[in-house]
Amino acid sequence: MKRAARKEPSEQDEEEVEFYGCKTWIPNWVPQWVRFVACLSYFMVLVVLTLLVSVFFLPRRRWRVRLVKNFMYFFAPGVFFLYGLRIRVTGGHNRGSLAEHRPVVYLVNHSSTLDFVTCSRCLSTGTIAIAKKALLLHPIGWIAWLNGTVFIDRSNRAKAIRSMNSIAGLLRAHGISVCVFPEGTRSRDGRLQPFKKGAMHLAMQSKVPIVPVVINGAHNIWGKLGWTIKCNEAPIEMKFLPPIETAHWTADTLQQHTDELHALFVQHLRPESRPLKTE
């Protein structure tokens, strides 16, 4: 569900704002397990239909990378309705574009399982992801594999590096964008963790811009621990920051750029999501 974007005043200029989702009218006394079963059932039906349709797209990579976006066009409204989730997006003009052959590396902070929904729904069409190999055991991993998602074996560093290197060619050859969580895993307490350099190395190698995507509020709705998703909470805030060119980056300056990007996220995150000073 998406409401038409409208203009809102800001300090410098008017900024385009996109709204996704809606409040739910399902009463609060409806148990979480009922919502979960309904959501899972709808999810599995869409997985089966997507797998059947995907057979016709297998030879065409640029068509396959559209699969997850189309999947989320149908799945996300179900999640929004069952849990009253809403997303407020700003800076959408900073997205990459498959149609215009304008690939980017999306750098996203990872604080909630809901990041899968927010990113798949709000990033540009034709965006693949980098995920842990264990996700292949989950149905969403099957859809992600068809989409072109690259799965990393964290236990084998050499294989992980080869997998990352293979992505650079896809970005340049097909205009595909990639979404990376530079922290490597979800935050347990919602606070930003240190960044690994893999995403920055990928952007430097492929010479495509990095678009930082800052998410606020998702952890408050569904954190890393537990299965309870809070209903009708305040909208998740998702902000696309201006692209950062990487063509001039070198191996010697990579750590500096990584630190600068981390500081940029800290600047745009709410206080409760910023790292503690002792970290």
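Predicted model: local features only at pLDDT ≥ 70, side-chain atom pairs only at ≥ 80, totals over all residues.
The largest nonpolar core comprises 41 residues. Within this core, the residues with the most contacts are Phe71, Phe75, Tyr106, Leu123, Val213, Met238 and Phe240. Nine residues of the core come from helix H3 (residues 67–83), which gives the most to it. In soluble globular proteins, nonpolar side chains tend to be buried together.

The surroundings of Val213 were examined with its neighbours within four places in sequence left aside. Val213 is then in contact with Tyr106, Leu107, Val108 and Asn109, with Leu123, with Met238, Lys239 and Phe240, and with Phe265.

Zero disulfides were found in a search of the whole structure. Cys179 is in no disulfide, and the nearest cysteine sulfur, that of Cys119, lies 4.3 Å away; a disulfide would require the two sulfur atoms to be within 2.5 Å. Cys179 has a relative accessible area of 6% and is therefore buried. Cys39 is also buried, with a relative accessible area of 14%.

Helix H1 (residues 32–54) packs against helix H5 (residues 139–147) at an angle of about 30°, and their axes are 10 Å apart. The two helices are therefore roughly parallel, since angles under 35 degrees count as such. The crossing of H1 past H5 is left-handed. On the H1 side, the residues that meet H5 are Phe43, Met44, Val47, Thr50, Leu51 and Ser54. Their counterparts in H5 are Pro139, Ile140, Trp142, Ile143 and Leu146.

How values were computed: Residues numbered from 1 in each chain as written. Heavy atoms only, no water. Core = buried A, V, L, I, M, F, W, Y, C linked by side-chain atoms within 4.5 Å. Buried < 20%, exposed > 50% of the residue type's maximum accessible area, 1.4 Å probe, protein only. Helix = DSSP H or I, 4+ residues; strand = E, 2+ residues; numbered from the N terminus. Contact = heavy atoms within 4.5 Å. Axes fitted to C-alpha atoms, helices over the stretch in contact; angles between N-to-C directions. Parallel < 35°, antiparallel > 145°, perpendicular 65-115°, else oblique. Left-handed = near helix turned anticlockwise from the far one by under 90°.
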